[in-house]
Amino acid sequence: MPDERQDPHSGPKTIIAPGYTFGTVTDQIATVVLTKRTPPFWFAGFGVGIVLLLLFLLSVGLLFVKGVGIWGIRTPVMWGFAITNFVWWIGIGHAGTLISAILLLLNQRWRNSINRFAEAMTLFAVACAGMFPLLHLGRPWLFYWLFPYPNTMGVQPNFRSPLVWDVFAVSTYATVSALFWFVGLLPDLATLRDRTHSRFARFAYGILAMGWRGSARHWSVYETASLLLAGLATPLVLSVHTVVSFDFTIAIVPGWHSTFFPPYFVAGAIYSGFAMVLALAIPLRAVYGLEGLITKEHLENSAKVMLATGLIVAYAYMMETFNAWYTTNVYEHSAIWHRMTGPYSVAYWSLITCNILAPQALWFKRVRSKPALLFLSSIVVLIGMWLERYVIIVSSLAQDFVPSSWSIFQATRWDWATYLGTIGLFLFLFFLFIRLLPMISIFEVRTLLPQARVQEEVGD
Amino acid sequence: MTKQLYGLMAEFETPTALVAAARAAREKGYRKLDAYTPFPIEELTDALGLHHNKLPLIVLLGGVLGGITGYLLQYYVTVIYFPINIGGRPLHSWPAYIIITFELTILFAAISAVLGLLALCGLPMPYHPTFNVPRFALASRNRFFLCIQARDPLFDPAGTVKFLESLEPREVSEVAP
């Protein structure tokens, strides 16, 4: 078709590979969903997801029967793995919102190729995160007691408790992320409805697309809505991990009670989130041949964000240590000293290695431009960030004020099973998503093409 | 038959052609027109004069309502319904209310943004005459359409076809109602 042979080199510099047209972009992304042939990679990933999901269901089933005692949580370490995993998962979700909302407001158009699956990652990570506080309740089936509702017991939640703030912050975050994601999907669902040949798919995508037809009137409202939702999601995402950090800072436990936790937690969240974005994007672009849409530049930009947030996290570790010394408080001193030399020193020094030392390799362009190395470093960061939460939670609780109440935390096999199980839940949901919905925002990638610019006549 | 027409639709191959056509149609005096594109085009919004919508107001009202709800909920529960005196601390402990007030502001504003978007676009709309044009499926892929509706006072089947054809579209089709 004549319009599809425009010379892309003559246009302004774009982030996606040259040679794409509106048609080929649409077809390449939509085919992943509409094809009848599913690649073996998908079955492998989905299979791992299902096996681990079954492990999760088994652990949760056992938890319902026997109670939270199947986990290693014993006095004084009552938070253990559950809250570690909660904080880790919810942090991972933050990169999705950062990419979709903050980078939209900053007009970073390169994000258009990665925002869709990053937002999906957010949703599924929040779903996994939400499991832990609920399962940790002891009687998870009474979870609705967390919400204020008129009841015959005549009691209400304590609105002065950070744990109740968390309920509101996380449920608002989940709802707003889901809404933002769905609004972003609407035009692409219409594309799938128009491209599919199967009657059932046309019906299903048609219902979901709600009759979207790309009218200019709709687009103008739509653009306002995306901008407003981005503006709302931006303070929200910063608030969520702030509120999570309040769970710690408002307590007086040594090693928790400090004012720099909110920015430290938000930076850590974005750090681990970008690591997860890279860990997902690198295999996906290779398997589905999307290197032209998710280019090396995307990976490099994400690596740079990772490096920057990693340095903020490194600064936070240094301040944490400095503050403990500067307070001259014996409990703060010993909290940090126990972390460095006590029973959890292996975890502490591993987290320093994973989060501070290893990512320094990202300064080098040679490392940033090799997807395999980036994948490796993102996995290292994910492990490091998990260890960070583990050390903060477990070491502070295990050795707080009075040595007579100290006790060492031992994770049980069910701790590990539940944790691996949520990774299964995540993979299960994520692989369903890449099979059923376009993993790259088709309409936003179209706007990246040089042909999408309206050429104004001179003197018009 | 002509009485029952929804309108006439012209198909263009580039956004530039569509924006030029939309401007020409506005200049000619057509007002009941709409364009259909695979992605948002800012110039088109200008060309069709669509800059104002009520969504920001709806979102503002939603946010204010959410904030008031969040604050009053906590005030009612902690001061009136379930007051607990802990060491003589004030019941109306407003600093502790900030977070939930903020969260509900965002929640209500975001929900009203989405419901407002759907309401202003008239979605969900299971049927629309434009879908009767077979090539309209390409409006979600790589084609750009301009539709002049039959209810436009200047619309007359023969003249409007002639006008649309003067814009050098790929094709002009009738849209059955």
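This is a predicted model: local features need pLDDT of at least 70, side-chain atom pairs count only at pLDDT 80 or more; totals for chains, interfaces and linings use all residues.

Analyst: F144(B) is part of strand β3 of chain B.

User: What makes F144(B) count as buried?

Analyst: The cut-off for buried is 20 or more other C-beta atoms within 10 Å. F144(B) has 31 C-beta neighbours inside 10 Å, so F144(B) counts as buried.

User: How far apart are the C-alpha atoms of F144(B) and P90(B)?

Analyst: They are separated by 63 Å, and the two residues are 54 apart along the chain. As for domains, chain B is divided into domain 1 (2-52 + 127-175) and domain 2 (55-121). The C-alpha centres of these two domains of chain B lie 44 Å apart.

User: How do you know that the buried residues of α5(B) are on the same side?

Analyst: The buried residues of helix α5 (residues 157-166) of chain B are T160(B), F163(B) and L164(B). They cover an arc of only 95° around the axis, so they lie on the same side of α5(B). On the other side of α5(B), A158(B), K162(B) and S166(B) are exposed. The cover over the buried residues includes β1 (7-12), α1, β3 (144-149) and β4 (171-175) of chain B.

User: Why is M210(A) partly exposed rather than buried or exposed?

Analyst: Buried needs 20 or more other C-beta atoms within 10 Å, exposed needs 12 or fewer, and partly exposed is in between. M210(A) has 17 other C-beta atoms within 10 Å, so M210(A) is partly exposed. M210(A) is placed in the loop between α6 (199-209) and α7 (216-249) of chain A. M210(A) is not a glycine, yet has a positive phi of about 60°.

User: What makes α3(A) roughly perpendicular to α8(A)?

Analyst: Helix α3 (residues 80-105) and helix α8 (residues 261-287) of chain A pack at an angle of about 75°, with axes 6 Å apart. Angles of 65 to 115 degrees count as roughly perpendicular, so α3(A) is roughly perpendicular to α8(A). Residues of α3(A) in this contact include W88(A), G91(A) and L98(A), and those of α8(A) include G268(A), F274(A) and V277(A). The residues of the contact divide into 9 nonpolar, 7 polar and no charged.

User: Which peptide bond involving P76(A) is cis, and what is its omega?

Analyst: The cis bond joins T75(A) and P76(A), with omega about 0°. P76(A) lies in the loop between α2 (40-66) and α3 of chain A. In chain B, the bond from L123(B) to P124(B) is also cis, with omega near -5°, and P124(B) is in the loop between α4 and β3 of chain B.

User: How many residues does each chain give to the contact?

Analyst: Chain B gives 56 residues and chain A gives 50 residues. On the side of chain B that touches chain A, α4(B) gives the most, with 16 residues. That side divides into 39 nonpolar, 12 polar and 5 charged residues.

Notes: Residues are numbered from 1 along each chain as its sequence is written. Chains are lettered from A and ligands numbered from 1 in the order in which they are written. Two residues are in contact if their C-beta atoms, placed from the backbone, lie within 7 Å. Helices (H or I, at least four residues) and strands (E, at least two) are DSSP runs, numbered from the N terminus. Ala, Val, Leu, Ile, Met, Phe, Trp, Tyr, Cys and Pro count as nonpolar, Asp, Glu, Lys and Arg as charged, and the others, Gly among them, as polar. Domain bounds come from an automatic or database domain assignment. The arc is that of the directions from the helix axis to the C-beta atoms. Axes are lines fitted to C-alpha atoms, for helices over the stretch in contact, and angles run from 0 to 180 degrees between N-to-C directions. Angles under 35 degrees count as roughly parallel, over 145 as roughly antiparallel, 65 to 115 as roughly perpendicular and the rest as oblique.
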